[in-house]
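Dear colleague,

Please find below the structure that I am handing over to you. My notes on it follow directly after.

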Amino acid sequence: MPGSVPASGEACWPKDVGIISMEVYFPSQYVDQAELEQFDHVDAGKYTIGLGQAKMGFCSDCEDINSLCLTVVQRLMERNCLSYDCIGRLEVGTETIIDKSKSVKTVLMQLFEESGNTDVEGIDTTNACYGGTAALFNAVNWVESSSWDGRYALVVAGDIAVYATGNARPTGGAGAVAMLIGPNAPLAFERGLRGTHMQHAYDFYKPDMASEYPVVDGKLSIQCYLSALDQCYTVFRNKIHAQWQKEGSDRHFTLKDFDFMVFHSPYCKLVQKSLARLMLNDFISNLNMNMEDGTFNGLEAFRDVKLKDTYFDRDVERAFMKASAEFFEQKTRSSLLLSNQNGNMYTPSVYGCLASVFAQYTPQQLAGKRIGVFSYGSGFAATLYSIRVTQDATPDSSLDKLTASLFDLKSRLDSRRKVSPEKFAEIMSLRQKTHHLADYTPQSSADDLFPGTWYLTRVDDKHRRHYARQPLNEDGPLEAGIIHSNTAQEHIPSPAKKMPRIPAVAKGAEAVSVTNGDH
């Protein structure tokens with residue numbers, strides 16, 4: 001039980017608000033980056049070593065942002081045996097816009113129809129890759145506010161990242177992450193410890209509403225990302241130092257104080273450079289830092305460098321990547337599983353990195369750890385914050401259930417179907433030609449999708465979208481919002497409800513189409 005609202009109804013501050021459960025969805029097909037290098041006639045290693053990418057997941061024309069989010073939400077609800085009436089807030093973070101008015105969240109409400117629950121706050125949130133983090137903060141703030149009614153919040157981050165033919169195309173990807181938010185969570189947000197930086201820049205943006213493709217200034221985007229990291233880390237360190245001073249300690253926070261550090265990952269090599277950047281910040285922020293522990297051996301020559309002059313300084317970059325190599329192995333490499341194998345998912349990218357950590361460590365290895373999270377969205381908006389993992393790693397604890405639910409992440413990645421670069425290019429061309437068409441039926445087959453995946457069946461002449469779901473198993477397709485009895489073995493009630501209503505099981509359910517509605 002996550003917690004409960006006092007019988008008196010008096011306001012309280014819920015304890016340990018954070019992430020209770022996570023679900024990750026990615027496409028069932030990928031293109032190999034080494035094969036893509038050959039197809040694009042570029043030097044071997046440009047994508048695999050230069051970017052640090054091994055495979056890239058992508059969607060055909062039978063998947064869109066609505067179908068991705070339908071899939072990840074229903075999977076989270078089914079895996080956790082939750083009924084839809086225990087959700088009081090649902091917010092979607094995405095930059096994949098297929099309608100300038102109707103939100104993805106309203107499409108997801110079709111999953112709630114069987115439960116009868118329409119009292120669900122929240123809407124879509126957009127700012128490049130930062131939208132998921134904004135939605136997550138809104139959910140946490142809701143649970144900690146006087147508006148909270150005792151139910152869970154659900155946050156969905158989803159995107160389809162595609163680029164025009166050229167240097168940026170191998171940095172694409174696709175996927176969605178859903179997170180269940182409530183009190184007494186195994187991943188609790190540390191209160192007051194968010195370092196945020198917001199600034200205006202045209203580093204990456206999507207001004208052409210008729211196209212999926214962004215306009216990208218690659219060099220400026222890297223500079224914005226690294227400068228935002230510098231600013232956020234400075235603010236975060238100042239805030240935690242102030243907390244420590246109140247507790248009687250005057251020591252300064254450094255990278256060593258993070259047990260894990262995860263980043264928004266446009267590509268894996270930038271993440272490795274970013275960890276080195278945090279070490280650089282530690283190095284130059286305290287001129288009296290003790291050099292005797294060996295952490296900064298050989299770096300004395302860089303004592304007088306200025307952060308703003310080092311964004312593209314190769315000497316500084318190489319030196320601090322070498323010096324931080326052990327930290328990278330300890331704190332960050334494990335977070336890049338999904339990014340390396342699936343690519344940049346935009347809003348869910350950093351949360352795919354977080355899920356990757358919990359997919360590869362045991363509850364005992366994770367208990368009590370502090371995890372730093374850096375989220376960045378072009379334009380630009382960024383926050384560095386911290387999560388504290390619960391100390392309770394006992395069997396059937398919330399942490400045990402969370403890690404168990406993500407344990408299959410690698411096997412799911414391994415089960416995908418490899419597509420040739422030629423076929424990948426053909427599908428990308430098809431998506432480009434059919435983007436935003438009305439009276440359209442997808443040409444790609446849905447047969448190869450993962451079980452339980454929602455997919456687009458048609459777009460009618462009024463641009464209304466219709467969806468169906470692949471069967472979870474041999475019993476046949478599921479209707480939206482239905483939990484089969486062979487799935488729901490243990491029901492988890494909402495924080496404020498001891499006995500929430502579970503939707504009735506449909507006997508012999510047939511495939512149904514859900515739509516993006518009339519408006």
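In which loop is Ala 128 found? Please bear in mind that the model is predicted. Ala 128 belongs to the loop between β5 (124-125) and α4 (131-143). Its phi is positive, about 45°, although the residue is not a glycine. With a relative accessible area of 12%, Ala 128 is buried, because buried means under 20%.

His 41 also has a positive phi, of about 60°, and is not a glycine. This residue sits in the loop between α1 (33-39) and β3 (55-57). At 75% relative accessibility, His 41 counts as exposed.

Phe 380 lies in the loop between β12 (370-377) and β13 (381-389).

Leaving aside residues up to four places away in sequence, Phe 320 touches Ala 276, Met 279, Leu 280, Phe 283, Leu 299 and Phe 302.

Tyr 202 is placed in the loop between β8 (187-198) and β9 (204-205) and is exposed, at 53% relative accessibility.

Finally, the cysteines: zero disulfides were found in the whole structure. Cys 69 is buried at 0% relative accessibility, and Cys 86 is buried with a relative accessible area of 0%.

With kind regards

Key:
Residues are numbered from 1 along each chain as its sequence is written. This is a predicted model: local features need pLDDT of at least 70, side-chain atom pairs count only at pLDDT 80 or more; totals for chains, interfaces and linings use all residues. Side-chain values use heavy atoms; hydrogens and water are left out. A disulfide is a pair of cysteine sulfur atoms within 2.5 Å. Buried means under 20% relative accessible area, exposed over 50%, partly exposed in between (1.4 Å probe, protein chains only). Helices (H or I, at least four residues) and strands (E, at least two) are DSSP runs, numbered from the N terminus. Contact means heavy atoms within 4.5 Å.
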